[in-house]
Amino acid sequence: MNFYDVLAKAKAGTNLSVSELQILLDAPDVNAEKELLAAGYAVKKEYCGNVVNLRGLIEFSNICSRDCFYCGIRKSMRTVSRYRMSMEEITAAARLAGEYGYGSVVLQSGERSDREFVDFVTGVLREIKKLPCQLGITLSCGEQTMDTYLRWREAGATRYLLRIESSNPEIFARIHPPECSFSERLEALVRLKAADYQVGTGVMTGLPGQSTADLAEDVKFFQEIDADMIGMGPYLPQEHTPLGQANPDAPGAAMKRLELTLRMIAVTRLLLRDVNIAATTALQAIDPAGGRERGIMAGANVIMPNVGDTGRRRDYQLYNGKPDLDENAPEVRLKLLESLAKIGEIPRFNEPGDPLHYQVRTRKNEKI
Ligand code: 5AD
């Protein structure tokens, strides 16, 4: 089957096979690629309107017990100065997100599972819930036990982001140390579903040794686990990590990965339709002037502006080239609003912005 036949099927909402997804990801030329991204955006518009959901991102701690080979805050990174924001700092950032009308916050940190950390996060959730602005809360704190997931759910978190990073177990094993297991990651995703979270997952695109066949499998994986939210970003080598050192970038490689990520966003939107898809910071790292906006124009419907303090941002660099290092929350907000206006998209204010997919999946909303 050729590209345009598959694209027609995708536009009509037909379920696609892995090999068909791959044909789309391998768009044969620039025009085909343009049509693919436009088709992704058209489906986004049909399901979400020209509206973008905002989440205030709070990177509340970079202390991590994991040693993932690609990550700039991995445990053995000695040059990173470790921090944990205080309860007051985190609630102040959440309050700011509420005042800005972001409607929800994402609390992200390095991974820890000790008692003190679990209790701390539980306390933070309770405090944020007490704020006058009714914020949706997403957690992104890695693999945890069912007990912990349930406690955090009860304390007020409704969404959880846990990327599979690659659904190919061999690639997963190559980019993680042995104590980080693919099956354990899968089980954690199952636990999150069972604990009644809106579940987000995703992958890095352009990992060393990853093909478009692997990425097509990734999109199928999102469908199979029935994810509510997807976050994908280009892999960005971090020069002091084992993966970054073993695979230094050739010139132009980053831009290729950005384009590949845009095709992944479009293909994911075409297949999954009603999920939330984030235009991630890693896109902006490669194209500071328009990366996230290009993500929206390919089918994403969520942006996560940072509401944390610039003082801490330097110490939370998962990869090189993190944008907005010196821009505080008000500047980040202004730039974002301007750039959304430029592409004709309207920010959704003061609403948590639940993924339609979750509402349909749980039949909580009778009208849909
Ligand atoms: N390049 C791109 N993304 C990265 N992440 C971590 N390190 C990198 C990197 N070097 C992503 C992972 C993780 C998310 C929080 O950040 O996918 O799940």
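1. A disulfide here is a pair of cysteine sulfur atoms within 2.5 Å. The count by this rule is 0 disulfides. Cys 141 is in no disulfide either; its nearest cysteine sulfur, in Cys 64, is 11 Å away.

2. This is a predicted model: local features need pLDDT of at least 70, side-chain atom pairs count only at pLDDT 80 or more, and totals for chains, interfaces and linings use all residues. Residues are numbered from 1 along each chain as its sequence is written, and side-chain values use heavy atoms, with hydrogens and water left out.

3. Cys 68 is buried, at 11% relative accessible area. Cys 141 is buried too, at 0%. Buried means under 20% relative accessible area (1.4 Å probe, protein chains only).

4. The largest pocket has a volume of about 250 Å³. A pocket is an open set of points on a 1 Å grid, with protein on both sides within 12 Å along at least five of seven lines; lining residues have an atom within 4 Å of a point. Of its 16 lining residues, Asn 53, Arg 348, Asp 354, Leu 356 and Gln 359 are closest to the centre. The lining splits into 7 nonpolar, 5 polar and 4 charged residues.

5. There are 3 cavities of 30 Å³ or more. In a cavity, a 1.4 Å probe fits but cannot get out.

Notes: Buried < 20%, exposed > 50% of the residue type's maximum accessible area, 1.4 Å probe, protein only. Points joined across faces, edges and corners; volume = space filled by probe spheres on them. Nonpolar A, V, L, I, M, F, W, Y, C, P; charged D, E, K, R; others polar.
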